Amino acid sequence: MLETVKYLIGSGASGFGSKSTAEEVTETCPDLRFITAIITGATSGIGAETARVLAKRGARLVIPARNLKAAAEAKARIVSEFPNSEIVIMALDLSSLSSVRKFVLDFESLDLPLNLLINNAGRFAHHHAISEDGIEMTFATNYLGHFLLTKLLLNKMMETTKQSGVQGRIVNVSSSINGWFSGDMIRYLGQISRSKSQYDATRAYALSKLANVLHTKELAQRLKEMGANVTVNCVHPGIVRTRLTREREGFITGLVFFLASKLLKTIPQAASTTCYVATYPRLENVSGKYFADCNETWTSKLGSDSIEASKLWAASEIMVSEI
């Protein structure tokens, strides 16, 4: 009850809350003109607002996208508002491991630094599909592609921190729906990657979002052991009507959003936690945490399980390995 009241009034220990916007939480952030950020899923919705606000604060943006036309349009919108913005568009299909590898090679060829990686892209596939790598499509796009992307970009981020002295940050965008998943993660993934008979779209999405949380937990531990000057945190942006939810338009969806209207966020509000975790000075050295409404909070019991995080990491390494 107390959490609901806090949500409705928009309060929090950080001074920000559910009603804060991305622009508001970045008003006092350091100058980002020397920051290079990769933001996946930046062509629409929360990702587009995240990109717009970081560009406003001076960051150089790299926008990877499967749809290059949509990426060009997103870039044009930002440049029309902030003419001095530096934005690079690159091809990337997160559901394809070969595409992820090619993107990283292409990015490295640009010889740009990398200070900030925002793994924002997500999909809710209500029709069962398998990626070209034999992985259920929602999991492949929301988690596994980002797992490999982060793994391959980590050396560049560590190199950048050594040269610049500025701590690198990785932000994984998850969802509170991660708490809806229960059971054996790897077994369920195997089932839905082999056959659609066990497929449930909501459970598959929850699995992918739980994987984002566990990835954050395990990566934070590994970065600490490596002594890397890079942090990783996970965020729940809140409930907002974007393209992802519009894929499930209909009477029931509309009714749910109507009944939950007091809890819905605008896109600028939904992008605030990502921008807060990506830029706020007080979060230096904070790693492995889960944030919602611009404040650290608890994740699910399974999302806090270090053994599950370790098991998922080991399975993920196998899934992305080149044979």
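F103 and F107 both sit in helix α5, 4 residues apart, about one turn of the helix; helices here are DSSP runs of H or I with at least four residues, numbered from the N terminus. The model is predicted, so local features need pLDDT of at least 70 and side-chain atom pairs count only at pLDDT 80 or more, while totals for chains, interfaces and linings use all residues. Residues are numbered from 1 along each chain as its sequence is written, and side-chain values use heavy atoms, with hydrogens and water left out.

**Aromatic pairs**

- The whole structure holds 10 aromatic pairs, a pair being rings of Phe, Tyr or Trp (its six-membered ring) with centres within 6.5 Å; planes under 30 degrees apart count as stacked, over 60 as edge-to-face and the rest as tilted.
- F16 and Y276 form an edge-to-face pair, because their ring centres are 5.9 Å apart and their planes stand at 70 degrees.
- F16 belongs to the loop between α1 (2-9) and α2 (22-25) and Y276 to helix α12 (residues 272-279), so this pair ties together parts 260 residues apart in sequence.
- F16 counts as buried at 14% relative accessibility, and Y276 does at 5%; buried means under 20% relative accessible area (1.4 Å probe, protein chains only).
- The pair of F103 and F107 is stacked, with 6.3 Å centre to centre and 15 degrees between the planes.
- F103 and F107 are both buried.
- F16, Y276, Y280 and F291 are linked into a cluster by ring pairs.

**Helix α5 against helix α6**

- Helix α5 (residues 97-109) packs on helix α6 (residues 137-164) at about 25 degrees, with the axes 9 Å apart; axes are lines fitted to C-alpha atoms over the stretch in contact, and angles run from 0 to 180 degrees between N-to-C directions.
- That angle makes α5 roughly parallel to α6, a label for angles under 35 degrees, whereas 65 to 115 is roughly perpendicular.
- Residues of α5 in contact (heavy atoms within 4.5 Å) with α6 include F103 and F107, and those of α6 include L144 and L148.
- By class, this contact of α5 with α6 has 10 nonpolar, 1 polar and 3 charged residues; Ala, Val, Leu, Ile, Met, Phe, Trp, Tyr, Cys and Pro count as nonpolar, Asp, Glu, Lys and Arg as charged, and the others, Gly among them, as polar.

**Helix α6 against helix α13**

- α6 and helix α13 (residues 306-320) pack at about 85 degrees, with their axes 11 Å apart.
- α6 is therefore roughly perpendicular to α13.
- L144 and L148 are among the α6 residues that meet α13, where W313 and M319 are among the partners.
- The contact of α6 with α13 has 9 nonpolar, 1 polar and 2 charged residues.

Note on methods
Helix = DSSP H or I, 4+ residues; strand = E, 2+ residues; numbered from the N terminus. Parallel < 35°, antiparallel > 145°, perpendicular 65-115°, else oblique. Buried < 20%, exposed > 50% of the residue type's maximum accessible area, 1.4 Å probe, protein only.
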